[in-house]
Amino acid sequence: MKNTVSVRTGSSRIGSVSRKIMGDVTIRARIAGEDLNFNLMHERIDLGPAAGWVDYFSFNGSRLRDAGKDINGAAITAAFRASWDLRKEGPTEDDRRTLLMAEMYRALGRVDAIHRVYINQYLHSDADRLCTLNLSERQELRTIVESGRPDLVHAEIENLFLQSKTSATDFFTRRFMLDGWLQPAMNAWRAGTPDGLNLWKEGVAAAYRKLQRRSEKIYAKSGHCLVHPFLRFAAYEAFVEFQRCASEVWAMILPGLQTRFALSAVSIEFMRGMHAITGPAKEPALGDHTRGFLYGQALSLHPVGRWLLDRPSHLASIGTWLVQCQGIGEGDIDRPMDEVAYQDVLFALLCSAHEYARARKSSENRRNLRTNGNWKQPRVGSHIGTAAIRCNQQGEADLLDTLRIGLLDSKTRDCPVCNRPLQLRNDSFEMNGAVIDVTFQCECGHVTVRQVDHDVLKKLIGISIAA
């Protein structure tokens, strides 16, 4: 393993005394005879008086989320594939499926649908990273931890981040459909035709985008489309399988890192826990705790993990537990919860999750949310309540009614279900690439989405809309 470059130095974004950024490091790892390069972030983390300062290496979560298109994306899938040569029995069908799903994730490019299943969006650097919970809120979380019930801990996390629960019937139906997409690649694999696999990757990405465009048109006309849930399911399943590959790669490169940088045992155990897929990640995504602590994601690749690194008190709890219990193991939080030190770790994780969720909500309201490592374009709704009213010199209600009349013709202004007028709200506008999604909703609950060109909306509002 070779340390080749270190370029970035500094402290954490909020100036935390518990975390020092040492720089980016490129290491070369030899796995099953294949030399692979990985670009890692190197930090020094203070785990409190019990464990002291430790070295921490991780992938850049923002770049890795961008469909793994940086150097690490290709290296992770190549390392996972190369590891099969180290086994006498060779790869299983499940291994092949995992790799194909990971390659599918990389082929899809940026897919925001994963956030519609489980929230994991990074925040703008100006977001409020100092927000904390009050005493009563912390006591509620402490009560959950001290109950000794892991299912309550899982449920608390899912209530914060899980956006789309999947029933058993829907899961197996969508899984069956997804396996149909994977079958041509499996056939090419068995036939030993690499060109067939490459063509499959290109074809599955094109098919996904085509289906996405078609479903958006259907949704725009009717406000309902059964394809949307499947596309979100497919994207998220590919995303977590890519993370599974990344987690297994860490098990391969940690020994080399330990030798090269003389890492302590506590440092190694800390990284094992941060990079592990917590809980039984291979169970179906049924909307309960069976999918794991972060629904199949590693703590190091979720914003909660980054939030945790900026909280000295939370890190001290982890350091105490590492020293007392000698290891996070495989990161499974379903172990018995009768150890005080371990309960403190779970309490730290729950607090970090709630603090991140609160900061995200506040940041989203200010349109500071960053998705997949890119600045999210400001929603037009932010202009309607402020600049639009000032420039047009009219009340918000009048402006929204003007827009409703301008965007809907006389035949589509009423709800097709109950014939009452469709309503337009201040938060009904969402940037969607080259167009703007405008959502109309009736009192009966029916939703209609129209896609509008920027210039059309500019003329109606009378102001310049940031694209």
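This note walks through a predicted model of one protein chain, point by point.

1. **Ground rules.** Because this model is predicted, local features are described where pLDDT is at least 70, and side-chain atom pairs count only at pLDDT 80 or more, while totals for chains, interfaces and linings use all residues. Residues are numbered from 1 along each chain as its sequence is written, and side-chain values use heavy atoms, with hydrogens and water left out.

2. **The whole chain.** The secondary structure comes to 17 helices and ten strands. Here helices (H or I, at least four residues) and strands (E, at least two) are DSSP runs, numbered from the N terminus. Of the 467 residues, 51% count as buried. Buried means under 20% relative accessible area, exposed means over 50%, and partly exposed lies in between, with a 1.4 Å probe and protein chains only. The accessible surface of the chain is about 20900 Å², and 50% of that area belongs to carbon and sulfur atoms. Such areas come from the Shrake-Rupley method with a 1.4 Å probe, and for residues only the protein chains shown count as cover.

3. **Contacts along the chain.** A contact means heavy atoms within 4.5 Å. Take the contacts in the chain with a separation of 6 or more: residues 24 or more positions apart account for 66% of them.

4. **Thr 77 and Glu 103.** Let us start with a pair of residues. Thr 77 lies in helix α3 (residues 71-82), and Glu 103 in helix α4 (residues 93-108). Thr 77 counts as buried because its relative accessibility is 3%, and Glu 103 counts as buried because its value is 15%. Their side chains are joined by a polar contact of 3.5 Å. A polar contact is a pair of N or O atoms within 3.5 Å; within protein, one must be able to donate a hydrogen and the other to accept it, and residues adjacent in sequence count only if both atoms are side-chain atoms.

5. Setting aside neighbours within four places in sequence, Thr 77 is in contact with Leu 99, Ala 102, Glu 103, Arg 106 and Phe 242. With residues up to four places away again not counted, Glu 103 touches Thr 77 and Lys 201.

6. Tyr 208 sits in helix α8 (residues 194-222) and is buried because its relative accessible area is 1%. Its C-alpha atom is 7.6 Å from that of Leu 108, although Tyr 208 and Leu 108 are 100 residues apart along the chain. Leu 231 belongs to helix α9 and is buried too, because its relative accessible area is 3%. Not counting residues up to four places away in sequence, Leu 231 touches Trp 181, Tyr 208, Leu 211, Gln 212 and Ser 215.

7. Most residues other than glycine have a negative phi. Ala 262 has a positive phi of about 50 degrees, and the phi of Tyr 295 is near 60 degrees. Buried or exposed: which is Ala 262? Ala 262 is exposed, because its relative accessible area is 65%; this residue lies in the loop between α9 (227-261) and α10 (265-275). Tyr 295, in the loop between α10 and α11 (303-309), is buried because its relative accessible area is 1%.

8. **How α10 meets α12.** Two packed helices are described by the angle between their axes and the distance between the axes. For α10 and helix α12 (residues 312-325), the angle is about 115 degrees and the axes are 11 Å apart. Axes are lines fitted to C-alpha atoms, for helices over the stretch in contact, and angles run from 0 to 180 degrees between N-to-C directions. Val 266, Glu 269 and Phe 270 in α10 meet Leu 315, Ile 318 and Leu 322 in α12. These residues divide into five nonpolar, no polar and one charged. In this count, Ala, Val, Leu, Ile, Met, Phe, Trp, Tyr, Cys and Pro are nonpolar, Asp, Glu, Lys and Arg are charged, and the others, Gly among them, are polar.
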